[in-house]
Amino acid sequence: QMDQFEIVSNFAWNKQEYDQRSNQSRVINSIFDSPAAPTGSQARDTGLFESYFLELRANSTGSGPFKWMVGVSGYEETFDTARLQGAQALGFPDSDRAANLSFFASLAYTFFDRLTFTIEGRQQTDDIFRADSRQVGAGQTLDVADVSFERFLPRATAEFQLTDTIGLYASYSEGARPGATALASDNGQIVREERTKNTEAGVRAEWLDGTLRTNVTLFSIEWIDIFAETAREAVFGDPTTLRVFRINQGDAEIRGLEAQIAWRPIRPLTLEANYAYTDAAFKAGFNTREAFDLLGQASRQFLIGKRPRYVPEHSGTFSAMWEDDLANGWSYRLRGDVNYTGDRFGTELNTDSFGASTIVNLSAVLNIADWSIEGWGKNVTDDDTILSSGRFLNLDATPGVRLPGARSQNFIAEGTLPRGPAYGVTVKYRF
């Protein structure tokens, strides 16, 4: 801490190891298949994940109209996996490494205590490395590849305090998600990085002597070179060559509105609500491996205007909290919240609708000196709407039926359900 600025550093380290043992029997039950006979085959997989993060930055601390910040950050992660036992057990472990080096800075100036302009920039480099072991006939081979992505990411923000209680703001920013080496794709080409161009504008306000706060934001996102993972056979008709590939699928546009409100009508009671409307659609040329396998070249036109998977059109939350003091320094808090997620689709084809979900959570907390005792209930109404789904190649279908005229038989689907009602007590002690 200096007179006009401060220097801040952050460091984080994470290490995880796992040893997974599983039964490789494929017991499939879907609308296309009857259960397969268990094989009794056992598999054992091990993995090691480790990451480091270091950031060093300096920023101004003065009270004047000019603010600045400059810094550098580095991140590196490694993920090594090995199959020690089971089908496709290989002597070479798979290894993934990702490293990021970023330089960033920002400048902000406030005019007449009302108008503030902020410009920010980040120059980042992502290095991706992969070593992929695979079985070739009776032997093994190890493929190695690396790739780098460099990009400058700008951000500009304008904030105007219209009155003492009403403020306007607008911003433009760009984002990027690093791609992958050619080993991760199914066409021998580098997986390009995803990019976004984001624009938003909104108004914040306080009403009723500051007891009511509102925030309304309009936003637009241009999503470029979206990539995703898809599982398929490297050799058509050979289920032992099943691999997970990444592929650049295309572009999408997302527009929407978000509204937030917080009201404290009386001192113990706080009411909060959030609502979001999202209009999202794929643009021309978007394609996925699943859509292509089901519809062939026609999928490029069929997907135009379809909604991205898991993106609801409407969503929102509502919560009510009553918090007050008791005698002898005790206090308590009662809270209930409702989380609504509108209808979503599990595939880009928009053929499987999940329906809307409403999750209700309740809690009651009693604070006694340094002790806190909380009783809680999650999903107390037992909502069982599907959270997510996967569609995979049907390994039990013979190559002879994997034809354009019977593509629906090439896939099986599964859904992930939420946990049912859960209740518990949490006790905390502060020291």
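Accessible areas here come from the Shrake-Rupley method with a 1.4 Å probe, and for residues only the protein chains shown count as cover. The model is predicted: local features need pLDDT of at least 70, side-chain atom pairs count only at pLDDT 80 or more, and totals for chains, interfaces and linings use all residues. Residues are numbered from 1 along each chain as its sequence is written, and side-chain values use heavy atoms, with hydrogens and water left out.

**Exercise 1. The whole chain**

Describe the protein chain by its accessible surface, its elements, its buried share and its contacts.

Step 1. Take the surface. It comes to about 25000 Å², and 56% of this belongs to carbon and sulfur atoms.

Step 2. Count the elements. Helices (H or I, at least four residues) and strands (E, at least two) are DSSP runs, numbered from the N terminus. The chain has 2 helices and 18 strands.

Step 3. Find the buried share. Buried means under 20% relative accessible area, exposed means over 50%, and partly exposed lies in between (1.4 Å probe, protein chains only). Of the 431 residues, 34% count as buried.

Step 4. Look at the contacts (heavy atoms within 4.5 Å). Among those with a separation of 6 or more, 61% join residues 24 or more positions apart.

**Exercise 2. A nonpolar patch**

Which residues make the nonpolar surface patch of about 740 Å²?

Step 1. Apply the rule. Patches are made of residues with over 30% relative accessible area and no salt bridge; like charges are joined within 9 Å, and nonpolar side chains (Val, Leu, Ile, Met, Phe, Trp, Tyr) within 5 Å.

Step 2. List the members. They are Phe66, Leu107, Tyr109, Phe111, Phe112, Phe117 and Ile119.

Step 3. Assign them to elements. Strand E4 (94-111) and strand E5 (115-136) each give two or more residues to the patch. The largest share, 3 residues, comes from E4.

Step 4. Inspect Phe112. Phe112 sits in the loop between E4 and E5. Its relative accessibility is 77%, so Phe112 counts as exposed. Its phi is near 55°, a positive value in a residue other than glycine.

**Exercise 3. Salt bridges**

How many salt bridges does a search of the whole structure find?

Step 1. A salt bridge is a side-chain nitrogen of Lys or Arg within 4 Å of a carboxyl oxygen of Asp or Glu. The search finds 17.

Step 2. Start with Glu194 and Arg177. Their closest N and O atoms are 3.3 Å apart. Glu194 is in strand E8 (residues 194-207) and Arg177 in strand E7 (residues 166-177), so the pair ties together parts 17 residues apart in sequence. Glu194 is buried at 6% relative accessible area. Arg177 is partly exposed at 41%.

Step 3. Go on to Arg192 and Asp225. Their side chains meet at 3.1 Å, N to O. Arg192 lies in the loop between E7 and E8, and Asp225 in strand E9 (residues 212-233), so this pair ties together parts 33 residues apart in sequence. Arg192 is partly exposed, with a relative accessible area of 41%. Asp225 is buried, at 13%.

Step 4. Take Asp324 and Arg267. Their closest N and O atoms are 2.6 Å apart. Asp324 is in strand E12 (residues 314-325), while Arg267 is in the loop between strand E10 (242-266) and strand E11 (269-282); this pair links distant parts of the chain, 57 residues apart.
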